2 protein chains.
Amino acid sequence: MAHPEHLDLAARAAELDRADPLHRFTGRFVRAPGVVSYLDGNSLGRPLASFPARVHDFTTYEWGTRLIRRWDESWMAKPYVLGDRIGRSLLGAAPGQTFVGDSTTVLLYKLIRAAVDHRPDRTEIVIDDDNFPTDRFVVEGIAAERGLSIRWIHTDRTIGVQPHQVADAVSEQTAVVVLSHVAYRSGAIADMAAITATAHRVGAYVLWDLCHSIGVIPVRLDECGVDLAVGCSYKYLNGGPGSPAIAYVNASLHRELRQPIWGWMGAADVFAMKDAYEPADDIRRFVSGTPPIFAMLAMESMLELIEAAGIQAIREKSLALTRFTEELLQAYVLPLGATLASPADERVRGSHVTVAHPRFRDILDRLWERGVIPDFRAPDGIRIGLSPLSTTFTEVEVGVRAIGEELQNVLR
Amino acid sequence: MAHPEHLDLAARAAELDRADPLHRFTGRFVRAPGVVSYLDGNSLGRPLASFPARVHDFTTYEWGTRLIRRWDESWMAKPYVLGDRIGRSLLGAAPGQTFVGDSTTVLLYKLIRAAVDHRPDRTEIVIDDDNFPTDRFVVEGIAAERGLSIRWIHTDRTIGVQPHQVADAVSEQTAVVVLSHVAYRSGAIADMAAITATAHRVGAYVLWDLCHSIGVIPVRLDECGVDLAVGCSYKYLNGGPGSPAIAYVNASLHRELRQPIWGWMGAADVFAMKDAYEPADDIRRFVSGTPPIFAMLAMESMLELIEAAGIQAIREKSLALTRFTEELLQAYVLPLGATLASPADERVRGSHVTVAHPRFRDILDRLWERGVIPDFRAPDGIRIGLSPLSTTFTEVEVGVRAIGEELQNVLR
């Protein structure tokens, strides 16, 4: 398959790597022998090579030496200190509105419940049918238990949810609108500012799922007037498998909203061991159990790298990567009958590109054997995730070419 | 203060250490310079010295090299494999009933909600007023949202909740009884078998909080016919600050009960990305979000040590430690007017001993300066936690003697 096109594109990839101002960061991650192209950093980000040393220090000095005293010294504040930092560097959130803890699913439950419980007069939750399963399932469960109905927005998967669709769906009956900022399949970016304003016009709250945005796309929560947001840290924040999630609650709602899982860490005075629960009057009231401190270490290391690179520069590299991916797909994969399942306009495209073909399921094993690891999303999508700080243009060329070759093999 | 009594007791401690069949394990933990007596392993267990190397291996090989493929290879099963192992080695639970995930608070919420939602005809939750704050707060929150009432058992703190009190409290109106197996203040062990049977006689479910039992006291969940149990892993399982919790749901209830936080990891077919939520028909239905794999590593290492020692031998050392602690208190602290706030009968005492004095709050800083670290529980209790695998008799002697000396100093 060494036709001239391939040689040209491989040379272009090398050139892009040489010109990439963030290229130096790609060497900071653990090397994976046998993996020639990792295109799934948006499912599980790679670990930093420096991380084991950080765990060693943490275990020896913070946990092992300070022991229980460390809770007072720094761990009690950690979910909020780290949250504020993520808020400042990545989310456009002023301090005191963001924390780290729980799983995305649990945070979705707590914040959506907080929103609908505060609006007992309203009967509907609005969500789109292309939202991630856990978002839809949480909403389905809450609707069932609170006797609410769900108004589904039927999304064109390739372009994602549009502001006019939200305008059509919301009404004075809407308690909360639950949407993903970047669609998990197509990578389509929703218009956060316009949609939030649309929901607010009818007095509804908006919750944004930021799982595919945090760490790769600059987000402006305060500026957009967002009420609630939730995201995960194991994708572009490289927090490790099952690392804790991130929640944002706009400061204007702290005294209004209450979440249903009352625990000691959300109480006004944690160690008073009082008889009755009295929630803290700030962001802490959205916290329930003991914060997962140890599980925050990896995302904290990655956040340092992200801050060193800067989120704008990361977005620029992300755009260059998705642009090049599209070019590679045009050369290697689309001619075989595959179709682009992501927005064509890069301004509304996140950091992954999805391509569809009915035979893609049949080539996954072969790709893995070759050390090419994209993601597969049922029924027929290969999702090419491009994590800017760890991904080289060269590995994208190698990976997309392999997808083309293996597709050609099964079509023969 | 080097009176003969001290010399005798220090010598006795050294002798007990020499005779201790588990003594070799005490050297396996990270050394803490300046800490001469750590008596708070039941708040935060110490890290194993081998743990950083384990994280290095995990980061390099499992996470860093297998990357996303590791989910299929082992991580998806991990919460249940580790849960089953904890079930078998520590909880007397047959496979398929235990998993690791979420925080204790979130698990309490999910399981208590599952119980009360399945009993819409019943109007009460029974709980004792000495239960840990988070347990009480979760119950308070659930009662508020579900329109249930709480029937409080008023416990004599020193002896803990008694079966006859539960018999008096429960009725045909009781949906669920929520109790701690070992009381967090006094260490009193509740009669799990008798109380569970008492609750079952009126058709109520029972949830046991095992936070102060797991890893230190043999528990027999299946044998006692327990319905639900929850516990944490950062105490005697040394899982690290904020490590995930453990849940048990009796197999007979898997199809009956549903929990309210519907997420993709609890769905019958996780990667089908289906339109509607259909819960798994086994223990997985109690899981919500992505499992906290990385955060399970430390407890897994400790579990190996616990299994090597054996839970019966651990309980025997725990008894020897609490017995010696009582002897030390008699010599150094009780003569100064402090009182024992734990059961006198060691058969119903867990692995910590609490002693009370109105001036204890005033000596904490001094104790910490001396490297003596017990726990303090408001208003006046010093809790001496004895984690058998990491605690020497010598450090207990040093610690309790320091408590006596510092109390004497403030009373002067």
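In chain A, helix α8 covers residues 192–201, and its buried residues are M192(A), I195(A), T196(A), T198(A) and A199(A). Here buried means that 20 or more other C-beta atoms, placed from the backbone, lie within 10 Å of the residue's own; helices are DSSP runs of H or I with at least four residues, strands are runs of E with at least two, and both are numbered from the N terminus. Viewed down the axis of α8(A), the buried residues lie within an arc of 160 degrees, so they line one face of the helix; the arc is taken from the directions from the helix axis to the C-beta atoms.

These buried residues pack against α7 (163–169), β5 (174–180), β6 (205–209) and α9 (221–224) of chain A, where contact means C-beta atoms, placed from the backbone, within 7 Å. Just after α8(A) comes G203(A), with a positive phi of about 80 degrees.

A word on the model: it is predicted, so local features need pLDDT of at least 70 and side-chain atom pairs pLDDT 80 or more, while totals for chains, interfaces and linings use all residues. Residues are numbered from 1 along each chain as its sequence is written, and chains are lettered from A and ligands numbered from 1 in the order in which they are written.

## An open sheet with a helix on it

Chain A has an open, antiparallel sheet of four strands in the order β9-β10-β13-β12; strands pair if DSSP finds at least two bridges between them. At its edges stand β9 (339–340) and β12 (375–377) of chain A, each with a single partner strand, so one side of each has no neighbour in the sheet.

Helix α11 (residues 311–332) of chain A packs on this sheet and touches β9, β10 and β13 of chain A, its direction making about 20 degrees with that of β10(A). That angle is between N-to-C directions on a scale from 0 to 180 degrees, with axes fitted to C-alpha atoms, for helices over the stretch in contact. Five bridges join β10 (352–356) to the antiparallel β13 (381–385) in chain A, and H352(A) stands opposite G385(A) in β13(A).

## Two domains in chain A

The domain assignment of chain A gives domain 1 (4–49 + 310–411) and domain 2 (76–305), with bounds from an automatic or database assignment. In chain A, 29 residues of domain 1 are in contact with 27 residues of domain 2. On the domain 1 side, α11(A) gives the most, with five residues.

Methods:
A residue is buried if 20 or more other C-beta atoms lie within 10 Å of its own, exposed if 12 or fewer, and partly exposed in between; C-beta atoms are placed from the backbone. Two residues are in contact if their C-beta atoms, placed from the backbone, lie within 7 Å.
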